[in-house]
Amino acid sequence: MLATIMCIAREEGVAALWKGVVPGLHRQFLYGGLRIGLYEPVKAFFVGGAAVGDVSLLSKILAALTTGVIAIVVANPTDLVKVRLQADGKANTVKRSYSGALNAYATIIRQEGIGALWTGLGPNVARNAIINAAELASYDQFKQMFLKLPGFTDNVFTHLLAGLGAGFLAVCIGSPVDVVKSRMMGDSTYRSTLDCFAKTLKNDGPGAFYKGFIANFCRIGSWNVIMFLTLEQVRRFFL
């Protein structure tokens, strides 16, 4: 991972490490806002208004899967543009030379049609629904478990541990679909999700589905810790 960071910085400049940050922000506003904001209402819907006590893990998983699907269907264009901007200029990809995020949206619509913005939607739905369930449901479950242990209270330390656990679980479960999603969005030669999966398995072996695991955990693990710590503080402030 460190060698990759140094290589990118040396060959493309330090700013290249932030390629795709604008559509990345677009994605988080839409995807993050919907999946997190809808989670509690959807969970309450699955549980039912009259339910008391701890919510079952199944209800948490169903709620997170549902909000993950809704959110990524809306946010898929931002994910596509982020991946393409990050891949633009690599030797083994098509040189598209987008001047920025808005130019990328416009160019894709003009050259490939508006439907192209939802390229890779199948694996993206699978990936984000699974990871959303792994993150939100597992964080909810971890926090519930920790609070039942002696010495644990609803504080920053508990939120940090639950966030790390959720991040690790999300990477373990979501890496294979994450690899397929990124490959399909960066390379339009794959005919379908199954075609991409089969070719990746045939050409690169099973280990390919966990390429970049450490980098992915550094990203998703730190993201989960920051997100859940922030979310808990925002909840306390407003509620």
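A salt bridge is taken here as a side-chain nitrogen of Lys or Arg within 4 Å of a carboxyl oxygen of Asp or Glu. By this rule, four salt bridges are found across the interface of domain 1 and domain 2 in what is a predicted model, while the structure as a whole holds 16 salt bridges.

The side of domain 1 that touches domain 2 draws at least two residues from each of helix H2 (21-37), helix H3 (39-47) and helix H4 (57-87). Of the contributors to this side, H4 gives the most, with twelve residues. When the residues of the side of domain 1 that touches domain 2 are sorted by class, eleven are nonpolar, five are polar and eight are charged.

The two domains themselves comprise residues 1-119 (domain 1) and 130-238 (domain 2), and their C-alpha centres lie 13 Å apart. To the contact between them, domain 1 contributes 24 residues and domain 2 contributes 22 residues. The area buried between domain 1 and domain 2 is about 1900 Å², of which 58% falls on carbon and sulfur atoms. Within the area that domain 1 buries against domain 2, a share of 26% is supplied by Met-1, Arg-35 and Lys-60, more than by any other three residues.

A further salt bridge in the structure joins Lys-148 to Asp-54, with the closest N and O atoms 2.7 Å apart. Because Lys-148 is located in the loop between helix H6 (121-147) and helix H7 (156-186), and Asp-54 in the loop between H3 and H4, this pair ties together parts that are 94 residues apart in sequence.

Over residues 154-237, the corresponding composition is 81% helix and 0% strand, with the end C-alpha atoms 15 Å apart.

Technical notes. Residues numbered from 1 in each chain as written. Predicted model: local features only at pLDDT ≥ 70, side-chain atom pairs only at ≥ 80, totals over all residues. Heavy atoms only, no water. Domains from an automatic or database assignment. Contact = heavy atoms within 4.5 Å. Buried area = accessible area lost by both parts, 1.4 Å probe. Helix = DSSP H or I, 4+ residues; strand = E, 2+ residues; numbered from the N terminus. Nonpolar A, V, L, I, M, F, W, Y, C, P; charged D, E, K, R; others polar.
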